[in-house]
Amino acid sequence: MKVVALVSGGKDSCYVMMKCIQYGHEIVALANLLPVDDSVDELDSYMYQTVGHQIIVSYAECMNVPLFRRRIRGSSRHQKLSYQMTPDDEVEDMFVLLSEVKRQIPSITAVSSGAIASDYQRLRVESICSRLGLVSLAFLWKQDQTSLLQEMIANGIKAILVKVAAIGLDPSKHLGKDLAFMEPHLLKLKELYGSNVCGEGGEYETLTLDCPLFTRARIVLDEFEVKLHSPDSIAPVGVLHPTVFHLEKKGNADSSSLEEEPGLVFEVQGDGPNPPESTRQLDNGIADVVGQTRTRVNLSKTGKDNTFSICCWLEDSSESSTGLKEDLETVLTEIESQLSKHGVSWQNVLYIHLYISDMSEFAVANETYVRFITQEKCPFGVPSRSTIALPLVQAGLGKAYVEVLVANDHSKRVLHVQSISSWAPSCIGPYSQATLHKGVLHMAGHLGLDPPTMNLRKEGAVAELNQALTNSEAIAEAFRCSISSSAILFVVFCSARTKESERNQLHEQFVSFLDLAKSSRRVANVIDPIFLYILVPDLPKSALVEVKPVLYVEEDEKTDDETRQGQLGEGDYSCWGYKPEKWHQDCLQTRVIDGKICLNVLSISAEVMRKLDEPSGDEEEQLKRVSRFCVNPLNKTLSENSFSWQDTTSLRIHFSTSLGVSVERLSDIFETAFKVLNEMSGGGVAFNGLKEPIFNLVPVLGAGNTSASLDNIITCELFSLRS
């Protein structure tokens, strides 16, 4: 990509340019923001470093790259973490600056910044990039600061300290000192006081005078003044004010050309943008499609009041068949309507499962999706998302199917990093890496993407799995937990294109990865997760594996993790059509966490179906017996652990298309099973008076508890949460 680099003069903004080149990008322009008054060294800004700005003009000559500069007119008006466009805010100066760069150099597609740990700065750069249609590159993000400092010095960053503001740093002693000279002292301060060795806590700021990107010249600082801002005896604050400097040519550079070249430096004027107009209204085209397909709409909703799922899918027929775009518009419009009916909106959505019939139309699905779910509509953070291709048409459904997990409060905590970095894959768009709510961390579906390049690992399914788990672990660490000790459930989607020999190795590799991670962390309380492997037609980017972890990360580390095996016991089962036998317990896995979460996965393989079948029974009766076999042990397990159906946040019934039954027919059968349960329980237990069923049927190619055995015909995934 062609990149405009945001440069403050600091070591970080220069080193990230070097990383951009390392990953195959090209720096074609520089962008810098500076005070209105040249004599002012530092602004009261939460966003910008300006100390040493008098020297930045020389970067254009040193690199032979155009430099665009704008004087900062705004101030820190919008101080909340997540930024929204605010007139006269200092962030809008960046918008004006980068807009002009993009206008003059239309080929630019990305912006680099030296963010390491500041969410405040990263989110603002990402916000501007989103508005301008640019990609944010932040290759230093979340890197270990000690290693990063050593790496910068080893790779030729020659920088001096131009501001100090921390215990152990003295303006009179340390300003103007070279970063390499200061490294041992900075490491000592980290050991003594926990200081950030890269200055991410505001301990110090630097000015780069030379680096490998300065191909024409280096900067020589001849004279400077030390300005003391605070004479505090413990942590005095001071800045370096450059007074005299010159350029020293490198190699064959012509000394006469090393003066300021007006053709390389551009001053950007202009006012900031006006506030955006009102949010999207339902246009007539969408309204027409929704009206035409209303009779095809089907819904399900769980009964819990404060955290619940809403699912929407379409019945397919030759008369009403439409394309993916129209189907997804209909589904999202219906969900939007249902959210409104329940007094919530997209900002309350925690997670979205986006199922489509054909992954080759992913771009179409994404374009439609972003018209409904936007960052403006989700001020508390956009939902996490998993996108999967399912055999929808084979199951008699339309081309789009959406499930949303909703909370009726605003307590969710969202991790949404749009910048491309070496930390974890970016989420460029209105979907986040993970969402934490009431102790449950819902991670997006993760592919085996190499974070800095955003390319899939090429070595096959096992390599993709290891990379996806590494990425998931990086995200878990942002929430101070680990997938090796806090995971409740791993759902692993396997593409039908995966070779069977590779697929058979996945579970063993998965367990090995977790065991290694556990041994390195030495955590006392370790949850034993449930594994659910699902075979699907395709995945985004033609990936072979996608991992979707669910973690328990309650701040209270006390964890009561119980593994149940579905002890069915004795009782009157005549109405269910079967007697409990010992092998039944092998079908059910249960995890009860701290008395708050009850997770159940019930697996019905072809062999189990045969055991449940009666010699004289027809196909219809067999399915009825299977549905009742599913519902009863789930009900019993909930009851034994003091949960009820009212605590259900989601109930997915994955069924194999090899069953040869339509969703409509299977839905009727399971609804009947729940009605029987209702009658046995005295009414009102399973449905809470809802018109819609509490379960959603998800067609798949196969499923299983290990990657080597995906022969489940039906798999029930029940998640219950007690407030």
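This briefing walks through some landmarks of the structure above, from its overall make-up to single residues. What you're looking at is a predicted model. The protein has 723 residues, and 59% of them are buried. Its secondary structure comes to 17 helices and 31 strands. Among contacts with a separation of 6 or more, 78% are between residues 24 or more positions apart.

**Strand β22 and its partners**

- Let's start with β22, which covers residues 487–495; 9 of its 9 residues are buried.
- On the antiparallel side of things, β22 is joined by 7 bridges to strand β24, residues 545–552.

**The cavities**

- Rolling a water-sized probe over the atoms shows where empty space is left.
- In this model there are 3 cavities of 30 Å³ or more.
- The largest cavity holds about 260 Å³ of space.
- Its lining is made up of 23 residues, and the ones nearest the centre of the largest cavity are Leu405, His442, Ser650, Arg652 and Phe719.
- Several strands give two or more residues to that lining, including β12 (307–315), β15 (397–407), β28 (648–656) and β31 (712–721).
- β24, the antiparallel partner of β22, is also one of the elements that give two or more residues to the lining of the largest cavity.
- By class, the lining of the largest cavity splits into 12 nonpolar, 7 polar and 4 charged residues.
- The second largest cavity contains about 40 Å³ of space.
- Around the second largest cavity you'll find residues including Ala166, Ile167, Leu186, Asn196 and Tyr204.
- The lining of the second largest cavity has 6 nonpolar residues, 2 polar ones and 1 charged one.

**The largest pocket**

- The largest pocket has a volume of about 1,400 Å³.
- It is lined by 44 residues, with Ser82, Tyr83, Leu123, Gln375 and Cys378 closest to the centre of the largest pocket.
- Helix α5 (119–132), strand β5 and strand β16 (413–415) each supply at least two residues of this lining.
- Of these, α5 gives the most to the lining of the largest pocket, with 8 residues.
- The lining of the largest pocket divides into 20 nonpolar, 14 polar and 10 charged residues.

**Arginine 124, in helix α5**

- Arginine 124 is part of α5, the helix that gives the most residues to the lining of the largest pocket.
- Is arginine 124 buried or exposed? Arginine 124 counts as buried because its relative accessibility is 0%, and the cut-off for buried is under 20%.
- A polar atom of the arginine 124 side chain lies 2.8 Å from the backbone oxygen of histidine 78.
- The arginine 124 side chain also reaches the backbone oxygen of lysine 80, at 2.6 Å.
- Leaving aside neighbours within four places in sequence, arginine 124 is in contact with residues including Met47, Gln79, Leu81 and Val91.
- Between arginine 124 and serine 82 there are 7.6 Å in space, C-alpha to C-alpha, although the two are 42 residues apart in sequence.

**Serine 136, in strand β5**

- Serine 136 sits in β5, residues 135–137.
- With a relative accessible area of 3%, serine 136 is buried.
- Which side chain does serine 136 join through a polar contact of 2.6 Å? The partner is the side chain of serine 419.
- Not counting residues up to four places away in sequence, serine 136 touches Val111, Val125, Glu126, Cys129, Gln418, Ser419 and Ile420.

- Most residues other than glycine have a negative phi.
- Asparagine 64, not a glycine, has a positive phi of about 55 degrees.
- You'll find asparagine 64 in the loop between α3 (59–63) and β3 (67–71), and it counts as partly exposed at 47% relative accessibility.
- Lysine 438 has a positive phi too, near 50 degrees.
- Lysine 438 is in the loop between β17 (434–437) and β18, and at 36% relative accessibility lysine 438 is partly exposed.

Key
Residues numbered from 1 in each chain as written. Predicted model: local features only at pLDDT ≥ 70, side-chain atom pairs only at ≥ 80, totals over all residues. Heavy atoms only, no water. Buried < 20%, exposed > 50% of the residue type's maximum accessible area, 1.4 Å probe, protein only. Helix = DSSP H or I, 4+ residues; strand = E, 2+ residues; numbered from the N terminus. Pairing = 2+ DSSP bridges. 1 Å grid on protein atoms, 1.4 Å probe; cavity = no way out; pocket = protein on both sides within 12 Å on 5 of 7 lines; lining within 4 Å. Points joined across faces, edges and corners; volume = space filled by probe spheres on them. Nonpolar A, V, L, I, M, F, W, Y, C, P; charged D, E, K, R; others polar. Polar contact = N/O pair within 3.5 Å; in protein donor to acceptor, adjacent residues only side chain to side chain. Contact = heavy atoms within 4.5 Å.
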